[in-house]
Amino acid sequence: MLAIVAALGALLGAVALPCAPAQAQTTAALPFPPPVQERVSVLNARLGLHPDKTRLVLELSDSVPFTVSVHGSPYRVVVDLPDVSWPGGNTVMAGKGVVARYRFEGRDGGGRDGGASRLVVETDGPARVVESYLIPPRDGFKPRFVLDIARTTPAQFAASAPVAVTTGTAAVSREAARPPAKRDPIVPVAAALPPPVPPRAAPVPEKPMVVVDPGHGGVDPGAVGVGGVYEKDITLAMARELKRQLEGSGRYRVRLTRDKDVFIRLRDRVAIAREANADLFLSLHADSIGSANMRGLSIYTLSDRASDREAEMLAAKENRADALAGMDLSSENDLVASILIDLAQRDTMNHSKRFANMALEHLGREVKLIPNKPHRQAGFAVLTAPDMPSALVEMGYLSSPQDVSLLSKSAHREKLGRGMVRTIDAYFKWLTGAQKS
């Protein structure tokens, strides 16, 4: 009997009675709640200096679309993003290179509404966007947004109006991030052809940039010589003299890593030179040893052993985007990155050695050289840039009364400066010939 009742109940439940509402259908028609989408997060942000640009990299938890625009009054680059989470992003972050500072505007900072976020990159003057693109996730790295910014002149900035805008929609390669080339429009035969555009004058090549680094400074006096003279004062006086002569020749642009008595870290000196896109980096020093009889000038370039250590260190860094100018090695493994850095550094070392040999040839006519191996090699931190020919000039020994007397005189510094200018002239003459061959 129970089985019959159960069967009957099931039959009645399956038959739709005209007088009864279909309660089960009403419940089934309710939509499922939409899945909760997790916000994309900014995991890390970093600035890197290149010789010709400043690079800002955002590491993201996922790919996002973006729009980049350039503005004036004040000068800034704006990156518009969807609603992105950036814990602690409301803090204004200090910049370097072209970037004066940058900040985030969104739900996590800046009070921005409307379901969108914005990265505002303030620049220290008129600037242009060299490239902006997303690197897809690979080799254990999350997607990365890359923004390259370079300085420009006020005239070039004004001429670039309207504001240039770059848009990206997904994590893509550098090539794919560039907009496709526009095809020439088809002009009907009856249409009036535009007047021919006059050819532009060939661009005038920039003068070589020479960065001169007066050793020590501020709380770091360097060597203390006979009579209490400080190395930091001798190097600054010589750097100013060399800058005067180089700029006076009309053939070079010159920048000093310091033009006053301030302390600058060794790595920052190299960063200043790379930011200036230096074609040559010269660090000036005047050493001191225990013997008053040892005197004369010597010149140092990077040793092979120090070069190997530097290549390994650069390759091992988490951010390898700044290791070599014009190359992003962040997607390469340690071995490949180390090889590429090493190859670049070997070429740079050869140029540095060429300069050192020329320097000894020309300076030897003006000043006394140390008697034993005036060209030496060592692992000085200021010589380790892998893409910038560099040399360290020990102008003399402050433990020698004769060298102290000479280096303290403007006439001797002027003579030494003339020899350095002739050396620099010979080097760039050789470099121009080598590049043409």
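Let's start with a working rule: a residue counts as buried when its relative accessible area is under 20%, as exposed when that area is over 50%, and as partly exposed in between. Tyr427, with a relative accessible area of 0%, is therefore buried. Keep in mind that you're looking at a predicted model.

**The whole chain**

- The protein chain has 437 residues, and 43% of them count as buried.
- Its secondary structure comes to 10 helices and 17 strands.
- If you take the contacts between residues at least 6 apart in sequence, 72% of them join residues at least 24 apart.
- The chain's accessible surface is about 23,600 Å², and carbon and sulfur atoms account for 57% of that.

**Aromatic rings around Tyr427**

- How many aromatic pairs are there? The count comes to 7.
- One of these pairs is Tyr427 and Phe428: the ring centres sit 5.1 Å apart and the planes meet at 75°. Planes over 60 degrees apart count as edge-to-face, so that's the label this pair gets.
- Tyr427 also pairs with Trp430, with 5.9 Å from centre to centre and 40° between the planes, and this pair is tilted.
- Tyr427 and Trp430 both belong to helix α10 (residues 410–436), where they are 3 residues apart, about one turn of the helix.
- Why does that spacing matter? An α-helix has 3.6 residues a turn, so residues three or four places apart point the same way.
- Is Phe428 buried or exposed? Its relative accessible area is 9%, so Phe428 is buried.
- Trp430 has a relative accessible area of 24%, so it counts as partly exposed.

**His362 in helix α8**

- His362 is part of helix α8, which covers residues 334–363.
- With a relative accessible area of 11%, His362 falls under the 20% cut-off, so it's buried.
- Which residues does His362 touch, leaving out those up to four places away in sequence? They are Gly419, Arg422, Thr423 and Ala426.

**Helix α6 and what it packs against**

- Helix α6 spans residues 266–275, and its buried residues are Arg269, Val270, Ile272, Ala273, Arg274 and Glu275.
- What do those buried residues pack against? Their partners are the strands β1 (40–50), β10 (144–151), β12 (209–214), β13 (253–256) and β14 (280–287).
- Just after α6 comes Asn277, which takes a positive phi of about 60°.

**A loop residue, Gly88**

- You'll find Gly88 in the loop between β5 (84–85) and β6 (93–94).
- Gly88 has a relative accessible area of 48%, which makes it partly exposed.
- Gly88 and Phe104 are 16 residues apart in sequence, and their C-alpha atoms are 9.1 Å apart in space.

**The largest cavity**

- There are 2 cavities of 30 Å³ or more.
- The largest cavity holds about 70 Å³ of space.
- It's lined by 10 residues, and the ones nearest its centre are Leu302, Thr348, Met349, Ser352 and Leu383.
- Two elements, β15 (298–302) and α8, each give two or more residues to this lining.
- Of these, α8 provides the largest share, with 4 residues.
- Sorted by class, the lining has 5 nonpolar, 5 polar and no charged residues.

**The second largest cavity**

- The second largest cavity has a volume of about 40 Å³.
- Which residues line it? The lining is made of Leu282, Phe355, Ala359, Leu363, Val393, Met420 and Thr423.
- Both α8 and α10 give two or more residues to this lining, and α8 gives the most, with 3 residues.
- By class, the lining here has 6 nonpolar, 1 polar and no charged residues.

Definitions and conventions: Residues numbered from 1 in each chain as written. Predicted model: local features only at pLDDT ≥ 70, side-chain atom pairs only at ≥ 80, totals over all residues. Heavy atoms only, no water. Buried < 20%, exposed > 50% of the residue type's maximum accessible area, 1.4 Å probe, protein only. Contact = heavy atoms within 4.5 Å. Areas by Shrake-Rupley, 256 points an atom, 1.4 Å probe, with all protein chains shown as cover. Phe/Tyr/Trp six-rings, centres within 6.5 Å; stacked < 30°, edge-to-face > 60°. 1 Å grid on protein atoms, 1.4 Å probe; cavity = no way out; pocket = protein on both sides within 12 Å on 5 of 7 lines; lining within 4 Å. Points joined across faces, edges and corners; volume = space filled by probe spheres on them. Nonpolar A, V, L, I, M, F, W, Y, C, P; charged D, E, K, R; others polar.
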